[in-house]
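The sequence and structure follow.

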Amino acid sequence: MYKLIFSGIILMLFFSITPLLADWPQWRGPSRNGISEEVFPLPKITEENQPIQLWEVPNIPSDHDGGHGSLVVSKGNVFVAMVWHRDVPTERRQFSSIVLSSLDHRSTNSLDPALVAKMETDRKNLSRRLRGKELEDYAKKWVEENLDQKSQVTLGSWVASRFIKGSQAIELRVLEEVSQKRNHVFQNQVELETWVAAQDWSDAEKAQILSKVPNTEKLANDVILALDAATGKEVWKFEVPGFAAGRNASSTPTVQDGRIYAALSTHLYCVDEATGTEVWKAPLSRKGIASSPMVVYGKVFIQHGKLTAFDAATGQVVWENGDVKASNSSPNLWKNTVLCNSNKEVIGVDAETGQTKWTTSGGGDSSPVVSGDYFVVPSPTEGMNLIAYRLTGEGPQKAWSKEFTTLRYQCSPIIYNGYVYHLGSARHWCLKLETGEEAWERPVQSAISSPILADGKLLVYENRGGLLSMIEATPTEYKVTGKTKVAALHCASPAIVKGDIFFRTDNSVKCFRLQ
């Protein structure tokens with residue numbers, strides 16, 4: 001009799017806990033480590049067994065018009081938080097970051113000025129007989145002979161493209177003069193044309209520059225959207241006026257205890273999970289750029305140019321830490337220490353008092369990943385581009401680090417069964433957690449988005465989100481079980497619940513099911 005009662009209690013506990021474990025309630029899942037905690041057999045992706053699309057909700061913008069925030073899933077709903085931009089007609093004109101990008105402007109501050117001058121001279125003096133593949137080969141050879149390895153990675157394709165454009169490329173000094181007017185507001189088209197006409201640029205350059213400046217400006221609303229996870233139908237929509245922050249507004253919301261916490265363009269919002277009704281809001285120190293919130297110990301921790309702990313119930317500021325400078329990376333937790341990847345270092349902050357406990361080498365946009373008493377973080381720091389630390393009461397001790405040169409260091413790794421899986425930075429890499437000993441490595445076009453893991457299988461975007469790959473999470477061999485076309489937003493990460501994969505695209509939200 002007692003055994004039956006005990007078994008019944010265990011069953012009741014199991015069924016009451018399981019739905020919580022089945023959710024994906026925050027950035028990188030239940031424990032902020034990219035790993036699903038549900039016990040659910042995940043079918044393999046193979047050529048014969050491709051995922052099926054359950055639904056798609058169109059006209060949900062991303063990138064410059066909606067940011068790069070990832071989806072979260074809770075209690076049968078999918079949530080996306082974004083700064084939703086729209087173009088409206090205006091008399092005013094300005095050189096926005098989008099305009100500069102369309103003009104192919106890039107900073108050359110990392111290059112020697114003499115090399116920049118040589119690049120421009122050689123481009124202008126290209127033989128007109130160089131065309132097609134011969135021109136492409138010339139550009140490639142110029143890059144290899146004149147740029148160091150790091151510059152080849154960061155600027156090589158851009159430099160080559162300028163040679164291929166030849167005389168059609170806008171002079172670098174012209175692009176730099178335009179960039180000096182970034183976000184300057186001209187009151188109307190006539191004022192813009194008058195300024196452009198006064199510059200000593202060629203007529204072709206003037207016409208090309210004027211053609212890229214739109215007759216619209218971006219306005220934005222702060223939006224949290226709730227969709228039914230089974231059908232994609234809208235459940236509710238929270239919407240308030242916001243600030244046009246562009247792609248910088250890329251925070252992922254957090255769902256906890258019936259509330260949603262979302263950092264949007266100017267404020268951190270807390271809304272009711274069931275209805276979308278605002279509970280409270282608190283101002284951010286920066287417009288449009290903040291980390292994904294971490295909710296623990298009754299506080300909401302967020303990096304927005306500094307680390308701030310807000311009271312989760314009221315939104316009141318509990319404490320602030322100005323040593324933490326970053327806004328792109330998101331905090332994690334080890335015991336009572338908040339781990340923050342700041343601009344140029346990793347900082348440990350006391351969760352209760354907000355005091356800095358220690359600093360160590362690191363920095364960048366990636367989020368620290370914790371497993372037991374270890375944490376691992378990618379970083380653009382010279383010579384230490386993937387670092388593992390062992391955490392102690394006295395602070396972190398470096399276990400190992402790896403050096404590599406790549407364009408992006410934003411991808412956060414996964415730690416599973418004593419191994420680190422780093423599936424970004426143009427490589428797939430498996431390393432032993434304690435020693436850094438390499439199990440396998442493959443060159444692969446995965447760069448920014450962070451992978452997820454469920455049922456011992458890694459899921460990661462490749463080819464700028466065009467493909468979703470499934471890889472066995474084992475150090476014994478690099479085994480890709482299959483790939484499927486998804487056309488996902490390559491800067492965001494997917495969420496998974498019971499074999500259903502939720503992700504953003506350039507202009508929609510989709511759900512695929514692994515059969």
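Leu130 is found in the loop that runs between helix H3 (113-124) and helix H4 (132-146). The model is predicted.

**Leu130 and its surroundings**
- Leu130 has a relative accessibility of 22% and therefore counts as partly exposed, since the buried class requires a value under 20%.
- Apart from neighbours within four places in sequence, Leu130 is in contact with Leu135 and Tyr138.
- Between Leu130 and Val185 there are 55 residues of separation in sequence and, from C-alpha to C-alpha, 41 Å in space.

**Salt bridges between separate parts of the chain**
- The structure contains 24 salt bridges.
- One of them joins Lys75 to Glu273, with the closest N and O atoms 3.7 Å apart. Because Lys75 is in the loop between strand E2 (72-74) and strand E3 (77-89), and Glu273 in the loop between strand E8 (267-272) and strand E9 (278-283), this pair ties together parts that are 198 residues apart in sequence.
- Lys75 is exposed, at 59% relative accessibility, whereas Glu273 is buried, at 5%.
- Glu217 and Arg92 also form a salt bridge through their side chains, at 2.8 Å from N to O. Glu217 belongs to strand E4 (residues 216-228) and Arg92 to the loop between E3 and helix H2 (97-102), so that the pair links distant parts of the chain, 125 residues apart.
- Glu217 is buried, its relative accessible area being 17%, while Arg92 is partly exposed at 38% relative accessibility.

**A salt-bridge network**
- Asp200 and Arg173 form a salt bridge in which the closest N and O atoms are 3.0 Å apart. Asp200 lies in the loop between helix H7 (189-197) and helix H8 (203-212), and Arg173 lies in helix H6 (residues 172-179), so parts 27 residues apart in sequence are tied together.
- Asp200 counts as exposed, with 56% relative accessibility; Arg173 counts as partly exposed, with 32%.
- Through salt bridges that share partners, Asp200 and Arg173 belong to one network with Lys124, Glu171 and Glu177.

- Glu205, Lys206 and Ile209 are buried in H8. Viewed down the helix axis, the buried residues of H8 fall within an arc of 100°, and they therefore line one face of the helix.
- In general, an α-helix has 3.6 residues a turn, so residues three or four places apart point the same way.
- The buried residues of H8 pack against H6 and H7.
- Asp203, Ala204 and Ser211 are exposed residues on the face of H8 turned away from its buried side.

**Aromatic pairs and cluster**
- Across the whole structure, 18 aromatic pairs are found. Among them, Trp195 and Trp201 have ring centres 5.6 Å apart and planes at 80°, so this pair is edge-to-face.
- Both Trp195 and Trp201 are buried.
- Trp195 and Trp201 form one aromatic cluster together with Phe95 and Phe186.

**Charges over aromatic rings**
- Lys287 places its charged end over the ring of Phe243, at 4.7 Å from the ring centre.
- Arg427 has its charged end over the ring of Trp429, at 5.5 Å from the ring centre.

Definitions and conventions:
Residues are numbered from 1 along each chain as its sequence is written. This is a predicted model: local features need pLDDT of at least 70, side-chain atom pairs count only at pLDDT 80 or more; totals for chains, interfaces and linings use all residues. Side-chain values use heavy atoms; hydrogens and water are left out. Helices (H or I, at least four residues) and strands (E, at least two) are DSSP runs, numbered from the N terminus. Buried means under 20% relative accessible area, exposed over 50%, partly exposed in between (1.4 Å probe, protein chains only). Contact means heavy atoms within 4.5 Å. A salt bridge is a side-chain nitrogen of Lys or Arg within 4 Å of a carboxyl oxygen of Asp or Glu. The arc is that of the directions from the helix axis to the C-beta atoms. Rings of Phe, Tyr and Trp (its six-membered ring) pair if their centres lie within 6.5 Å; planes under 30 degrees apart count as stacked, over 60 as edge-to-face and the rest as tilted. A charge sits over a ring if NZ of Lys or CZ of Arg is within 6 Å of the ring centre and within 35 degrees of the ring normal.
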